[in-house]
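Q: Hi, I'm new to this one. Could you walk me through it?

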Amino acid sequence: MSQLKLKVKKAVKVLPRTKERGYTARIVTNGTADFDDIVEDASSNTTMHRAELRMAIELCMDSVAKALKQGLIVDLGPLGKIYPSCSSGWFERKDDLTLGSVRPQLYFRAGDDVEQAVRQARLVWVRDNGDEEEEGDET
């Protein structure tokens, strides 16, 4: 399998607390692989028709939603795990933390193979016009 190459650009970032301007790194993606693209690719070189694969994935996602609604962690095998989670901010006094300040959300923990594919990616800078710069730039 080939190594992932991630394009990175330098983007302006303003620190909220100090209003100081600086720079941060941002990934430049190559677009989005939508559900139809994934189904088409996954069904190639199989005897499964893309409509059957689409239905199987949709049934699987229905089961994922059902398990999450039951408060379960969903283990998707080598893909990773999906956890129900929340964020609330910090409060000095226990009574100041109310349900109105809690926001439910999802947390995804990628499986080891998926995680390693991204962590071991080769990084290259891109210019504002999208052209890649020299890959040896470590500064």
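**Pocket, core and sheet**

A: Happy to! The largest pocket is lined by Ile38, Ile57, Cys60, Met61, Leu76 and Leu79. A pocket here is an open set of points on a 1 Å grid over the protein atoms alone where a 1.4 Å probe fits, with protein on both sides within 12 Å along at least five of seven lines; lining residues have an atom within 4 Å of a point. The model is predicted: local features need pLDDT of at least 70 and side-chain atom pairs 80 or more, while totals for chains, interfaces and linings use all residues. Residues are numbered from 1 along each chain as its sequence is written, and side-chain values use heavy atoms, without hydrogens and water.

Q: Which helix gives the most to that lining?
A: Helix 2 (residues 50-69), with three residues. Helices are DSSP runs of H or I with at least four residues, and strands are runs of E with at least two, numbered from the N terminus.

Q: And what's in the largest nonpolar core?
A: Five residues: Val64, Ala67, Leu68, Val74 and Ile82. Helix 2 supplies the largest share, three residues. Such a core joins buried (under 20% relative accessible area, 1.4 Å probe, protein chains only) Ala, Val, Leu, Ile, Met, Phe, Trp, Tyr and Cys residues through side-chain atoms within 4.5 Å.

Q: New topic: in what order do the sheet's strands run?
A: The order is 3-4-5, in an open antiparallel sheet. Strand 3 (74-75) and strand 5 (103-110) are at the edges with a single partner strand each, so one side of each lacks a neighbour in the sheet. Strands pair if DSSP finds at least two bridges between them.

Q: How many bridges join strands 4 and 5?
A: Eight, with strand 4 covering residues 80-87.

Technical notes. Buried < 20%, exposed > 50% of the residue type's maximum accessible area, 1.4 Å probe, protein only.
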